[in-house]
Amino acid sequence: NSFCTLLALCRSVADREHHNYSGLSSAATMRSAGGMLRRTAPALGLYDWWRNNIAKPIRDGGYPGEPQHPFGTDFGLTIIPDYVNENEQFRMRKQYVDLMIRKSPDVVASDGRIQLPPLNPDSFQSIIDRLEDDGYVEKDHLNNQTVNFFDENSFIRAHVDNLFIYDDIFAIISLISPCILKFIHMQTGEELEALIPPNSVYLMEGPSRYIYMHMVPPTDLKRVSIVLRRSIFRSSGTFGEVDPRMGKMLPYRANAALDALNTKEIGAPRINIDENWMREHKLGAFDTGEMVRKLMPLRDWSLRQQLTEDRERYDDLREKGYLKMDLDWRFDELQERFKSMDQAMAINAASMTAAEEAIAARKHGGTCGAGGSCAHHSH
């Protein structure tokens with residue numbers, strides 16, 4: 001019976017591939033395999049496995065493709081083609097099309113694309129559940145969403161998402177049409193490009209999240225992306241639990257804290273350029289790789305040096321009374337995380353030494369000589 005059960009499963013999968021998910025023979029084989037499993041293997045749980053992993057995904061619109069790592073697994077970019085099934089596409093489409101038709105006042109232009117209000121989490125919760133079940137993210141890790149609509153010629157300029165507010169591992173749902181995702185190394189200006197297929201999910205963690213800026217060059221077709229990540233603050237895009245140390249904070253206090261941190265550019269890598277410098281070097285808004293290569297001081301950047309500068313700005317906010325909450329725990333948490341990342345990336349030894357000296361100076365009550373403020377990429 002076990003052998004017949006496995007044989008029927010193999011036949012159902014092979015037939016499904018041959019008939020492209022929709023052939024009559026495939027459906028009949030699925031029913032046959034399901035009936036056999038229901039009769040012969042309830043104790044083994046094979047029927048439940050077949051129902052959840054074979055029958056239901058086919059009914060819902062298909063199977064995800066194999067995960068892709070275009071720059072190797074250590075880079076931290078994983079692309080999963082066809083991860084969003086037809087039912088999920090339909091649920092999300094109803095949400096964002098309705099927002100556009102109603103011309104919600106919360107639909108705003110933001111750095112080359114249109115940012116939409118948050119969707120009902122029920123429209124994408126099954127995708128999160130599957131990401132958790134498949135081991136891509138820990139349970140309840142993702143708690144925040146940002147929804148972007150790209151019309152023709154829309155774009156997002158090169159940036160690193162806020163290093164202080166958001167944690168590692170971003171999961172981005174990419175719908176309607178393909179796009180190019182471009183990465184630029186923060187120190188060397190190395191440029192890498194990956195093709196993101198429609199109805200896929202891609203994940204960024206480690207170096208692709210922290211060490212490389214990312215951007216979407218101007219698109220030829222309409223596209224929607226839902227960026228899922230973990231934030232320490234509760235905001236309009238929150239759909240899950242935040243850190244217990246922040247969870248009881250009233251929304252108006254959280255918004256005030258976010259405004260204060262953003263005003264001081266805390267968590268935002270700062271690059272010292274201006275329009276005259278860009279014109280002098282004949283660089284445009286999308287020439288980020290060339291810009292980094294011309295900015296030699298940027299090669300001394302490290303995550304811990306960034307954190308040291310952020311700590312100075314945070315202390316200034318606290319001393320002047322603009323920020324009344326204690327975020328020391330967050331700096332301690334990131335200090336350990338960034339230390340391992342800096343070491344793993346073998347980032348410029350001089351900048352690491354400078355960061356260590358600045359940290360030691362702080363511990364002994366001195367001041368550190370971190371660099372000054374300057375313009376930064378939009379986020």
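Two strands count as paired if DSSP finds at least two bridges between them. Strands are DSSP runs of E with at least two residues, numbered from the N terminus. The model on screen is predicted: local features need pLDDT of at least 70, side-chain atom pairs count only at pLDDT 80 or more, and totals for chains, interfaces and linings use all residues. Residues are numbered from 1 along each chain as its sequence is written, and side-chain values use heavy atoms, with hydrogens and water left out.

**Stop 1**

Select residues 113–116, strand E3, together with residues 144–150, strand E4. Three bridges pair E3 and E4 in the antiparallel sense. Within this pair, show Leu-116, which lies opposite Val-147 of E4.

Now widen the selection to the open sheet of seven strands, ordered E1-E9-E6-E11-E4-E3-E2 with antiparallel pairing. Its edges are E1 (77–80) and E2 (108–110); each has a single partner strand, so one side of each lacks a neighbour in the sheet. On average, neighbouring strands here are turned by 25° against each other, direction ignored. The axes behind such angles are lines fitted to C-alpha atoms; angles run from 0 to 180 degrees between N-to-C directions.

**Stop 2: the four-stranded sheet**

Next, pick out the open sheet of four strands, E5-E10-E7-E8, where pairing is again antiparallel. E5 (156–159) and E8 (191–196) are the edge strands, and because each has a single partner strand, one side of each is left without a neighbour in the sheet.

Finish on E5 and E10 (residues 212–216), antiparallel and joined by two bridges. Which residue of E10 does Ile-156 stand opposite? Ile-156 faces Val-216.
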